[in-house]
Amino acid sequence: VVEHTLHRPGLVLAGYDNLFQFQRLQVLGNTECRYLHSFEPPERANVFDRLARFDIPGILLTAGNTLDDDLIALATARGIPV
């Protein structure tokens, strides 16, 4: 972790990553998790991959939110702690 500020990556999940602050811990709250769960599993993995392809230091889940096992496996394979 090289920046102490947190980042909510909603725009990255939606496909806009031009100004993405990937050096920060990424926070997935209710909005981001509901957005991810609005997709069927194959597309959900593609959307999550938009985030996981960056060298981010970690993902924090808030408010009791969880990620599907396949998304955790994708993050783990990329060396991203969840």
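# Salt bridges, core and surface of a predicted model

Modeller: At 39% relative accessibility, Arg78 counts as partly exposed. This is a predicted model.

Biologist: Which residue does Arg78 meet in a salt bridge?

Modeller: Asp49, with N to O at 2.7 Å between the side chains. Asp49 lies in helix α3 and Arg78 in the segment after α4, so this pair ties together parts that are 29 residues apart in sequence.

Biologist: And Asp49, what does its relative accessibility make it?

Modeller: Partly exposed, because the value for Asp49 is 24%.

Biologist: How many salt bridges does the count come to?

Modeller: The count is five. Another one of them joins Arg24 and Glu3, whose side chains meet at 2.7 Å, N to O. Arg24 sits in the loop between α1 and β2 (25–28), while Glu3 belongs to the segment before β1, so the bridge ties together parts that are 21 residues apart in sequence.

Biologist: Is Arg24 buried or exposed?

Modeller: Buried, because its relative accessible area is 19% and the cut-off for buried is under 20%. Glu3, at 25% relative accessibility, counts as partly exposed.

Biologist: What else does Arg24 touch?

Modeller: Not counting residues up to four places away in sequence, Arg24 touches Thr5, Leu6, His7 and Pro57, as well as Glu3.

Biologist: How far is Arg24 from Arg78, C-alpha to C-alpha?

Modeller: The separation is 16 Å, for two residues that are 54 apart along the chain.

Biologist: Back to the salt bridges. Which residue pairs with Asp17?

Modeller: Arg53, and the closest N and O atoms of that pair are 2.5 Å apart. Asp17 is in the loop between α1 and β2 and Arg53 in the loop between α3 and β3 (59–61), so the pair ties together parts that are 36 residues apart in sequence. Asp17 is partly exposed, with a relative accessible area of 21%.

Biologist: Change of topic. How many residues does the largest nonpolar core have?

Modeller: That core has 17 residues. Leu28, Leu36, Phe48, Leu51, Ile56 and Ile59 are those with the most contacts inside it. At least two core residues come from each of α1 (10–13), α2 (30–37), α3 (41–52) and α4 (69–77).

Biologist: Which helix gives the most to this core?

Modeller: α3, with four residues.

Biologist: Take Phe48. What is it in contact with, leaving aside neighbours within four places in sequence?

Modeller: Phe48 is in contact with Leu13, Leu28, Leu36, Ile59, Leu67, Leu71, Leu74 and Ala75.

Biologist: Is Glu32 buried or exposed?

Modeller: Buried, because its relative accessibility is 6%. With neighbours within four places in sequence left aside, the contacts of Glu32 are Arg8, Pro9, Gly10, Leu13 and Val27.

Biologist: What about His7, where does it lie?

Modeller: His7 is in strand β1 (residues 6–7). His7 is buried, with a relative accessible area of 16%. Not counting residues up to four places away in sequence, His7 touches Phe20, Gln21, Arg24, Leu25, Gln26 and Val27.

Biologist: Backbone next. Which residue other than glycine has a positive phi near 55°?

Modeller: Ala63. Ala63 is in the loop between β3 and α4, and at 62% relative accessibility it counts as exposed.

Biologist: Last one. What does UniProt list for residues 4–82?

Modeller: An unreviewed UniProt entry lists that range as "domain: HPr(Ser) kinase/phosphorylase N-terminal". In the model, residues 4–82 are 42% helix and 11% strand, and the end C-alpha atoms of the span lie 17 Å apart.

Technical notes:
Residues numbered from 1 in each chain as written. Predicted model: local features only at pLDDT ≥ 70, side-chain atom pairs only at ≥ 80, totals over all residues. Heavy atoms only, no water. UniProt positions renumbered as here; feature names shortened; annotations may be inferred. Core = buried A, V, L, I, M, F, W, Y, C linked by side-chain atoms within 4.5 Å. Buried < 20%, exposed > 50% of the residue type's maximum accessible area, 1.4 Å probe, protein only. Contact = heavy atoms within 4.5 Å. Salt bridge = Lys/Arg side-chain N within 4 Å of Asp/Glu carboxyl O.
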